[in-house]
Amino acid sequence: MENKKKRTKWATIKRLLGYVFTTYKLQLAIVLISIIISSLVGVAGIEFIKYLIDDFITPLLGSQNPDYTALFNVIMTMALIYLVGVIATYIYNRLMINISQGILNKIRKQLFNHMQKLPIIYFDSRPHGEIMSIYTNDVDSLREMLSQSIPQVFSAIVSMVTILISMFTTNIYLTLVVVAMMIIMIFVSKYLGGNSSRYFVKQQEDLGKMDGYIEEMMEGQKVVKVFNYEEQSKNKFDELNENLCDSNAKANMYANILMPCIMNIGNLGYVLVAVIGGMLSVNGILTIGSIAAFLQFVKAFTNPLGQVSQQMNFIVMALAGAERIFDLIDEEVEIDEGYVTLVNAKMENGKIVESKERTGIWAWKHPHQDGRITYTRLRGQVEFENVQFGYEENKRILHDITLSAKEGQKVSFVGATGAGKTTITNLINRFYDIQEGKIRYDRINIRKIKKDDLRRSLGMVLQDTSLFTGTIKDNIRYGKLDATDEEVYEAAKLSNADKFIKNLPQGYDTMITGNGEGLSQGQRQLLSIARAALNNPPVLILDEATSSIDTRTEKIVQEGMDKLMKGRTVFVIAHRLSTIRNSDLIMVLDHGRIIERGNHNELIAKKGTYYGLYTGAIEID
Amino acid sequence: MIKKLASYVKEYKKQAILTPIFVVLEVIMEVIIPLLMARIIDVGIQNSDIDYILKMGILLIISAIMSLIFGMLSGRFAAIASAGYAKNLRKEMFHKVQDYAFENIDKFSTSSLVTRMTTDVTNVQMAFQMIIRILVRGPIMMIFALLMVLSISGKLSLIFLVAIPFLGVILFLIATKAHPIFEKVFKKYDKLNRVVQENLNAIRVVKAYVREDTEEAKFKEVNDEVYKNFIKAQKIVAFNSPVMQLTIYTCILLISWFGSKLIVGGSMQTGQLSSIITYAWQILSSLMMLSMVFVMIIISQSSAERIMEVIEEEPSLKNPENPVKEVKNGSITFKNVSFCYSDEEDKNKFALKNIDLEIKEGETIGIIGGTGSSKSTLVQLIPRLYDATKGEIQVGGVNVKDYDIHALRDSVAMVLQKNVLFSGTIAENLRWGKKNADLEELENACKLAQADGFIQEFPSKYETVLDQGGTNVSGGQKQRICIARAILKKPKILILDDSTSAVDTKTDSLIRKAFREEIPNTTKIIIAQRVTSIEDADRIIVLNDGEIDGIGTSEELLKTNEIYKEVYESQKKGDDEEDGE
């Protein structure tokens, strides 16, 4: 288990590096070289002081007329070296911005574009907040890692290696003391880091619990007021808040004391080296100058080590985020094995011929194995044959559904929540694929139809209207992107939306924000009907499109819908039975089976479930 | 604002004060340690004096241990103080929201309140921790290190007189130049998140209309904007490290040059030269840290403002001075009441206009009307969820404004249109109505609301755990639990705001029958879309556009009221036809 986890972590790192290498090979090389130069210049600074003292200052000591030219020259040389270092620092800082932002831009784009190709089940099976957090938190911590942690750690390692090498060349025994000290530091930072991340996990849990509670209470705040429940709500919150405070304090504490620990272990090492070095120098094994230099190295060595241990936490966090990012990118996309496409067509001598222009007539272009191509006119006829379906393997939702909707017919579904009404409509547009049986559209198995073309031929008005930030016009135009303004107005008139839109301050150019906050449920519903009208599909699916509108408003919406439904095959799921009375076919669903079917009069005469529902004797929900 | 914000440190004042104290002590140790180190080299090693090295070594070890202890303590206190501070801020906000009136709640959206209590608090907490640790550490470190340099060589300290302002000004310029661009980046980020959020919410529409390409183009645009602006901002910040290095390296070279001359001149020792360089690092890096803290403070400023907005929002309803503690009976009087929501732009746009109404104790009142006819608004004035803009509302003969709010709301139970069940068992949810109700009481209330039947059918009965929002029971069941919850309060007035819409008509009528028989003295007000739900009420109020269009029994209204007639007929038509068939 542990092993496997480690390997995936490596895989994540490898993959991240892959992004860098593919696009930014040259830049990366420059960055690496710049970091190395910059760190070497830093280390050279330490050597410089020793060199300066031993070779330039000491000889001058006691001289009456000191000649400073040599000293001046060496300082100027050092100035040049420093200048190179500063430039290198700027170069890598600057280039890292391009690299990290470029990678993030690419990753975000990949995330989003890939997400568009995922099947509906992906979105249905997890909270949207979880997906959002990938775009915000995970991408953010990746940015921190790429632009801050990685350069810092790399630079620190370069410095440490250089210093270690310098140490080795000076004295092996003393270096061993330093290595021992380093091992202690690594242990301490592992211990503290481990504790810190343990409490960090606890903190995230507590935060999640508190977030959930706040959200629930804010959502139900009005109920809290009505029931005078303020005190209890405060008490429960205080408890959760206290827990969070505790884990938060501990996680922070371990992180805070990491640096002082590392630095002071470094100080202890310094003393040790000084004492041992002093003894060695008394015995004449070491020169005084090299001990002094060595002590400088010890001091210079501690700092980068502290930096690395501090960055480790961030890197671990960012890698966990990167894993979630890659999980989304690796998520399997919607499979589309369809090859039948939807094309514009015209009639020539009674035969259907493909046309390049928009003709208003559509046809299914069906290529056969033997190379023949046949055209079937798009009519909007839908058949279900012994359809079985379940969202999970062993949990059937629909059993043996067989039905046929002819061109222009209105077919309605009624039944309790969970009876499978919405599921049926999810199958027609292949949001979900059936396990057994067949669904045919104009006599073509829908599996053979390209998903995009299938969906283009179906219009949908859903219970939850989804509006986008933009003008009213933009939102209607979502149904047909190249629609002229005239067409948009037409569609709005057809669906009875025109009237309320004209009454808005900016009419069709009124901005919609936050999913249409300022609009009533009915108005939003009308907009989504207008959108479908503009799309002008032969088959329409109306899923509880009027459920949350009061009866008087519903009348206006209903009129719009009726106009829209004319001449189309329509599947209706309705809450209010009054809206489906004029259906050609009504299906009563119960636990995924069709238990009654027929038109309104037939079903009423039957005095069965539909009759019960209609008269209000049976609860519908 | 800072003063007000600081006041929430409260019981963590001790830690908040101890942190900087230990930071100062830690800094002192950090300044002493290089001094001791210089001694070891200059005196101990130079003279090969092991005794001296050991003596100084022990001093150094003691200093290191003290520095370690001070560092750990300051880290610990800082963690506790900042975590506690964040806790207090959250608590203050949450408690404040509990005291909000409906009008205040309407001002903030749920998601914005959640963000304010989480993300914004975290931002402020980070700034707070930085202030008590680094904002103290920076200047102190600078002062002590400068003092050390001064004690070694007054002449060399002059270098810093130039270096510190130079670096300070440049860091300041970088921060001020980058900040507005970062603000822009955050705005673009919001936009990017919005595009993703909308896409997630509308994924069915996107797929149904095959608009994946449109969405991708939309995302690409904002993604590229984020990219461009981020680079623009970071380009400026990228100067930070090189400028810092440039300054420190220049200082080192100047110190080396002038220092060498001083050494040769005999007024300084070689060991002191490296000490001064160490101090140069300390001085300039503390300046660097300070600039980071300032950036952090600037970033957290808007978070702090958002937090203060919640805390400083004044609850628009307050208890009167000498409140009436008891509601005598369930009679209700509206005297020329008009109401407008305060957030309406047009102050003359009244949601309710000149309502005069007299409701007797025990009466059953039905209210009907289209969306926007202010049915909910009308009843929400009774338990004083909002205050009337004009006119007066009396309950039990007393102005609602004279009651103790809790006492009033205990007597007026209301089932809201958007009713909410909370995660927890059914029993826990019901006990919102009466804290210590025993099972029998719960069952009685549920029987009345026709909820006992289906609850008994659940395997765990009253201990059945509901998900957040009660999503695991059906809409009709949810409504009946909510009604039972209200009944448990044994109210004098019971208001149902469209609370039986998902309940079947038969059960609906059973509920009303139980109301009549079991709680005859309770005044009942029922808002409904369905005519059958209010048909048998003592009186029906027809609301239209915030005005009373008609009052009377169903029969009377059928004769006199057009709106009622229209609604009645549109809903009853189906039934009549059946009778004919």
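Guide: Start with a rule: two strands pair if DSSP finds at least two bridges between them. Keep in mind that this is a predicted model.

Visitor: How do you know that E1(A) and E2(A) pair?
Guide: Count the bridges. E1(A) and E2(A) share four, in the antiparallel sense. The rule asks for at least two, so the two strands count as paired. In this pairing, Ala345(A) stands opposite Glu354(A) in E2(A).

Visitor: What lies between the strands in the hairpin of E1(A) and E2(A)?
Guide: Two residues. Within this hairpin, Asn349(A) takes a positive phi near 50 degrees.

Visitor: How do you know that strand E1 of chain A pairs with E3(A)?
Guide: Strand E1 covers residues 341-348 and has four antiparallel bridges to E3(A). At least two are needed, so this is a pair as well. Thr341(A) faces Lys365(A) in E3(A).

Visitor: What makes strand E3 of chain A and E4(A) a pair?
Guide: Five bridges, again antiparallel. Ala363(A) is set opposite Arg377(A) in E4(A).

Visitor: Which order do the four strands take in the open sheet of chain A?
Guide: The order is E2-E1-E3-E4, with antiparallel pairing.

Visitor: Why are E2 and E4 of chain A called edge strands?
Guide: Strand E2 (351-354) and strand E4 (373-377) each pair on one side only. From one strand to the next, the twist averages 50 degrees.

Visitor: Which strands form the open sheet of six in chain A?
Guide: They run in the order E10-E13-E14-E7-E15-E16, and the pairing is mixed.

Visitor: Why do E10 and E16 of chain A stand at the edges?
Guide: Strand E10 (458-461) and strand E16 (593-598) have a single partner strand each, so one side of each has no neighbour in the sheet. Neighbouring strands here are turned by 20 degrees against each other on average, direction ignored. Strand E15 (residues 585-590) of chain A pairs with E16(A) over five antiparallel bridges. There, Val588(A) stands opposite Glu596(A).

Visitor: Which strands does helix H9 of chain A touch?
Guide: Helix H9 (residues 421-428) packs on the sheet and touches E7, E10, E13, E14 and E15 of chain A. Its direction makes about 150 degrees with that of E14(A). Helix H14 (residues 521-535) of chain A also packs on the sheet, touching E10 and E13. The direction of H14 makes about 175 degrees with that of E10(A).

Visitor: How does the radius of gyration of chain A compare with that of a compact globule?
Guide: A compact globule of 621 residues would have one near 25 Å, but chain A has 36 Å. The C-alpha trace of chain A spans about 120 × 70 × 55 Å along its principal axes.

Visitor: What makes a residue of chain A count as buried?
Guide: At least 20 other C-beta atoms must lie within 10 Å of its own. By that test, buried residues make up 43% of chain A.

Terms used:
Residues are numbered from 1 along each chain as its sequence is written. Chains are lettered from A and ligands numbered from 1 in the order in which they are written. This is a predicted model: local features need pLDDT of at least 70, side-chain atom pairs count only at pLDDT 80 or more; totals for chains, interfaces and linings use all residues. Axes are lines fitted to C-alpha atoms, for helices over the stretch in contact, and angles run from 0 to 180 degrees between N-to-C directions. The radius of gyration is taken over C-alpha atoms; the globule rule is 2.2 Å times the number of residues to the power 0.38. A residue is buried if 20 or more other C-beta atoms lie within 10 Å of its own, exposed if 12 or fewer, and partly exposed in between; C-beta atoms are placed from the backbone. Two residues are in contact if their C-beta atoms, placed from the backbone, lie within 7 Å.
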